[in-house]
Amino acid sequence: MGLRDEIRQQPAVAARLLRDGRSQIDGIAEHVAGRLANREIDHVVIAARGTSDHAAIYAQYLFGAHLRLPVALATPSLISLYGVEPRLDRSLVIGVSQSGQSPDIVGVVAAARRQGAPTIALTNDVGSNLATAAAHHIELRAGPERAVAATKTYTAELLAVALLVTALEARLGPVAGRNEELAAVPAAMAAALDTEQEAETVARHLAGRDRLIVVGRGFNYATAREMALKLKELARLAADPYSAADFLHGPLVLVEPGYPVIVLASSGPTAPDIDALLGRLADLDVEPIVISDRPEAIAAATFAIRLPSGLPDWLTPIVAIIPGQLLALHLAIARGIDPESPRWIAKITRTN
């Protein structure tokens with residue numbers, strides 16, 4: 001089994017997590033919701049590295065949008081290198097790691113638990129150090145992931161975060177329709193897999209390039225960062241990710257006529273700003289590669305990958321990353337690089 005197989009497993013992984021993981025997540029939400037309701041938790045702190053760090057960025061948006069909770073990304077080296085434990089006693093602390101083996105992430109969760117903070121681990125390994133360090137563990141249920149590049153564990157992390165936030169929301173002030181929206185995710189992921197031919201076409205076009213920019217906003221800022229990482233580690237392309245807002249505050253000077261810019265342009269509140277950015281790129285003769293479910297955004301593209309429509313904005317990152325994974329896979333192949341063996345990196349990275 002290789003990377004492409006694991007990419008294509010993602011709808012089944014999502015369906016399994018929705019079916020088998022909900023009761024576990026609901027039980028954790030029961031423990032945490034009371035402390036939230038009693039104002040014992042002021043914010044969320046998430047410890048993660050690499051791909052999982054992008055799941056944490058997604059969580060920043062989702063906890064904020066649905067629960068009005070500010071979310072900070074942990075600085076693990078404060079504990080592991082400087083020997084300082086930040087005050088975490090009024091935090092909900094979450095560690096996110098597909099392997100659960102990185103000592104610095106484990107250290108943050110262990111410190112929070114010593115301080116009496118509620119702690120949750122999201123991992124694909126129930127016996128990992130991170131899973132045992134936390135008071136509660138959410139199993140991703142992705143099955144073995146053997147490819148070096150994380151794909152199905154990433155989308156499982158996003159879905160686990162969505163399930164956790166929805167379960168907490170249901171206990172604090174439920175919003176109708178959330179479960180129905182979640183139930184639509186596996187079918188949308190399956191539809192996104194049908195973009196492989198489009199992704200391969202874009203990959204052949206980009207094969208001779210050595211750099212590009214990936215732009216997203218809102219929930220899909222996490223997607224821009226994860227897509228750029230996949231393009232780096234699989235295709236050895238210098239892919240630079242930006243928020244669409246930050247991109248205009250300086251990095252815009254990097255582009256010139258013909259420069260490739262991948263633009264994530266899904267439906268939702270970010271659409272007007274993204275469309276304005278596409279107009280600005282057109283003025284500069286930049287080459288936009290648009291990933292979108294919106295015809296007007298696709299019409300502005302030099303190349304386009306069409307996303308399935310119908311998902312709400314908060315769930316689109318679980319689907320929008322799939323064309324990026326396929327693009328990175330086929331770009332590696334087009335550049336004569338083995339996507340199964342990225343040089344100099346390993347499946348499990350342990351940092352302190």
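Colleague: What is the relative accessible area of V84?
Modeller: This is a predicted model, in which local features need pLDDT of at least 70, side-chain atom pairs count only at pLDDT 80 or more, and totals for chains, interfaces and linings use all residues. Residues are numbered from 1 along each chain as its sequence is written, and side-chain values use heavy atoms, with hydrogens and water left out. Buried means under 20% relative accessible area, exposed over 50% and partly exposed in between, with a 1.4 Å probe and protein chains only. V84 is partly exposed, its relative accessible area being 44%.

Colleague: Which residues form a nonpolar patch on the surface?
Modeller: A patch takes residues with over 30% relative accessible area and no salt bridge, joining like charges within 9 Å and nonpolar side chains (Val, Leu, Ile, Met, Phe, Trp, Tyr) within 5 Å. V84 lies in the loop between α5 (77-80) and β3 (91-96); helices (H or I, at least four residues) and strands (E, at least two) are DSSP runs, numbered from the N terminus. The patch has about 420 Å² of accessible area together, by the Shrake-Rupley method with a 1.4 Å probe, where for residues only the protein chains shown count as cover. Its members are L78, L81, Y82 and V84.

Colleague: What are the helix and strand counts of the protein?
Modeller: Of the 352 residues, 57% count as buried. The secondary structure comes to 16 helices and 10 strands.

Colleague: What is the radius of gyration of the protein?
Modeller: The radius of gyration is taken over C-alpha atoms, and the globule rule is 2.2 Å times the number of residues to the power 0.38. The C-alpha trace spans about 55 × 45 × 40 Å along its principal axes. For 352 residues a compact globule would have a radius of gyration near 20 Å, and the protein agrees with 20 Å.

Colleague: How many aromatic pairs are there?
Modeller: Rings of Phe, Tyr and Trp (its six-membered ring) pair if their centres lie within 6.5 Å; planes under 30 degrees apart count as stacked, over 60 as edge-to-face and the rest as tilted. By this rule the count of aromatic pairs is 3.

Colleague: Why is the pair of Y61 and F219 called tilted?
Modeller: A pair of aromatic rings is described by the distance of the centres and the angle of the planes. The ring centres of Y61 and F219 are 5.9 Å apart, and the pair is tilted because the planes stand at 50 degrees.

Colleague: How many residues apart in sequence are the parts that Y61 and F219 tie together?
Modeller: Y61 is partly exposed at 32% relative accessible area, whereas F219 is buried at 9%. Y58, Y61 and F219 form one aromatic cluster. The rings of Y61 and F219 make a tilted pair. Y61 lies in helix α4 (residues 51-67) and F219 in the loop between β6 (211-216) and α12 (221-235), so the parts tied together are apart in sequence by 158 residues.

Colleague: Which ring does the charged end of R178 sit over?
Modeller: A charge sits over a ring if NZ of Lys or CZ of Arg is within 6 Å of the ring centre and within 35 degrees of the ring normal. The charged end of R178 is 5.3 Å from the centre of the ring it sits over, that of W314.

Colleague: Which residue forms a salt bridge with E196?
Modeller: A salt bridge is a side-chain nitrogen of Lys or Arg within 4 Å of a carboxyl oxygen of Asp or Glu, and the structure holds 16 of them. R4 belongs to the network of salt bridges with R8 and E196. The closest N and O atoms are 3.2 Å apart in the bridge between E196 and R8.

Colleague: How many residues apart in sequence are the parts tied together by D42 and R90?
Modeller: D42 is partly exposed at 38% relative accessibility, and R90 is partly exposed at 36%. Their side chains meet in a salt bridge of 2.7 Å, N to O. D42 lies in the loop between α3 (22-37) and β1 (43-48) and R90 in the loop between α5 and β3, so the parts tied together are apart in sequence by 48 residues.

Colleague: Where is R68 placed?
Modeller: R68 is exposed, with a relative accessible area of 78%. Its phi is near 60 degrees, a positive value in a residue other than glycine. R68 is placed in the loop between α4 and β2 (71-73).
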